Amino acid sequence: MYCVRNVTDDLYWVGGNDRRLALFENIHPIERGVSYNSYLLLDKKTVLFDTVDWSICRQFIENIEGVLGDRSLDYIVINHMEPDHAASIEEVIIRYPDAKIICTEKAAMFMHQFGFQVSDRIIEVKEGDTMSFGKHKVVFITAPMVHWPEAMVTYDTTNGVLFSADAFGSFIALDGRLFNDEVNFDRDWIDEARRYYTNIVGKYGPHVQALLKKASTIDIKMICPLHGPVWRNNFEYFLDKYNKWSTYEPEEKGVLIVYGTMYGNTEAAANNLAISLAKKGMTNIAMYDVSKTHVSYLISESFKYSHIVLASPTYNLKIYPPMLNYIMDMKALNLQKRTFAILENGSWAPQSGKLMRELIESMKDMTILDSEMTISSSLKEEDADLIEEIADNIINSMK
């Protein structure tokens, strides 16, 4: 039985949801699942915008067949060739052998690399090319490195719908509510939207900025991403988030405390610092154990907060391994414009503070506060003044 929703009078969401998958890209936990969105336009010509992951292909095919009825499929527009959106291309072609595939030159190359036997039906398009499907006329806009080099977005000039590929997407499976105004996005979705963006697209901020500039020149009435809700209003809210994330500006003034601890001593120091911050009026504080929190959540929070405290023991004369992994992910994803405080712990040869400082200094536009702290095995009464000093420096640096 097919399961679809109208996006507009002649445009249908024909995607599906995966609530069984544990790890997106076999890396990022998705406890609340993920949607794979695909859209089918019924005009003089019929047009499918992207396909879906293989895991939901059966439902996807039923959806297409249910909407098309006895009509054929004329075109498939592939905005993004990543397998979670393109894996089902050949399954669609088997059922609709006359369909032509519209994509960029690089997307055609990737189809060949993935072994798809479709080269005889490809129509390559480039920046600014247009096509008419009847009353609907679309323009193709390249979006390289958002977040693959072949990506493009498609803008329907007739109704203002932007098929935005992986831009403006989010983790979380849809629960029947397709549109952004059918959910409380700021309460229930924004954390997973941020985690999706920062971990999947975060490295490519300048490329996202380039796409946002292009988008600002067209009259968008609706945004149809490949994951998450369809946006039909309140664009300013999400565009503001994307602008902050892609320019690496913090969303909020606040303190993220990430600590590594083997026996609880470094955690105790982190807790004391958090209490000191709270007593001085800082209410926007988040704390995470780096060993118990998947790094994708830490990255998301790092993009959110203006200040980050790294508290780490020394381990084999190096940075505690889970902390090192987190810092290296920050660097890989191009995080910038943050202020750091560093706490280290060591029983005989503390080294983690110096090594963390070196890594942070190797990143772009980072500030490290001078009040670095070394704990010798465990926090002592005489350390209280230094904890207070670090808290004061953090708060003063926000003014």
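Partly exposed here means a relative accessible area between the buried cut-off, under 20%, and the exposed one, over 50%. Keep that in mind for the close-ups below, which come from a predicted model.

**View 1. Glu 127 reaches Lys 214 in a salt bridge.** The side chains of these two come to 3.2 Å, N to O. Glu 127 sits in the loop between strand 11 (122–124) and strand 12 (130–132), while Lys 214 belongs to helix 7 (residues 205–215), so the pair ties together parts that are 87 residues apart in sequence. With a relative accessible area of 40%, Glu 127 counts as partly exposed. Lys 214 is partly exposed too, at 27%.

**View 2. Glu 182 pairs with Arg 5.** Here's another salt bridge, and its closest N and O atoms are 2.9 Å apart. It links distant parts of the chain: Arg 5 is in strand 1 (residues 5–8), and Glu 182 is in the loop between strand 15 (161–163) and helix 5 (185–188), 177 residues apart. Glu 182 is partly exposed, with a relative accessible area of 26%, and Arg 5 is partly exposed at 29%.

**View 3. Asp 181 meets Arg 232.** Their side chains form a salt bridge at 3.0 Å, N to O. Asp 181 lies in the loop between strand 15 and helix 5, and Arg 232 in the loop between strand 16 (222–224) and helix 8, so this pair ties together parts that are 51 residues apart in sequence. Arg 232 is partly exposed, with a relative accessible area of 34%; for Asp 181, also partly exposed, the value is 37%.

**View 4. Four charged residues join up in a network.** Asp 191, Arg 194, Lys 241 and Glu 251 are linked by salt bridges. The count of salt bridges comes to 20.

View 5. Twelve residues of domain 2 are in contact with 14 residues of domain 1. About 1200 Å² is buried between the two domains, and carbon and sulfur atoms give 50% of that area. Look across this interface and you'll find zero salt bridges, but seven residue pairs in polar contact. On the domain 1 side, strand 5 (28–29), helix 6 (190–201) and helix 8 (235–247) each supply at least two residues. Helix 6 gives the largest share, six residues. By class, that side of domain 1 has three nonpolar, five polar and six charged residues.

**View 6. Helix 10 (residues 295–304) is mostly covered**. Nine of its ten residues are buried, among them Val 295, Leu 298, Ile 299 and Phe 303. Glu 301 and Lys 304 are buried as well.

Technical notes. Residues are numbered from 1 along each chain as its sequence is written. This is a predicted model: local features need pLDDT of at least 70, side-chain atom pairs count only at pLDDT 80 or more; totals for chains, interfaces and linings use all residues. Side-chain values use heavy atoms; hydrogens and water are left out. Contact means heavy atoms within 4.5 Å. Buried area is the accessible area (1.4 Å probe) that two parts lose on being put together, summed over both. A polar contact is a pair of N or O atoms within 3.5 Å; within protein, one must be able to donate a hydrogen and the other to accept it, and residues adjacent in sequence count only if both atoms are side-chain atoms. Helices (H or I, at least four residues) and strands (E, at least two) are DSSP runs, numbered from the N terminus. Ala, Val, Leu, Ile, Met, Phe, Trp, Tyr, Cys and Pro count as nonpolar, Asp, Glu, Lys and Arg as charged, and the others, Gly among them, as polar. Buried means under 20% relative accessible area, exposed over 50%, partly exposed in between (1.4 Å probe, protein chains only).
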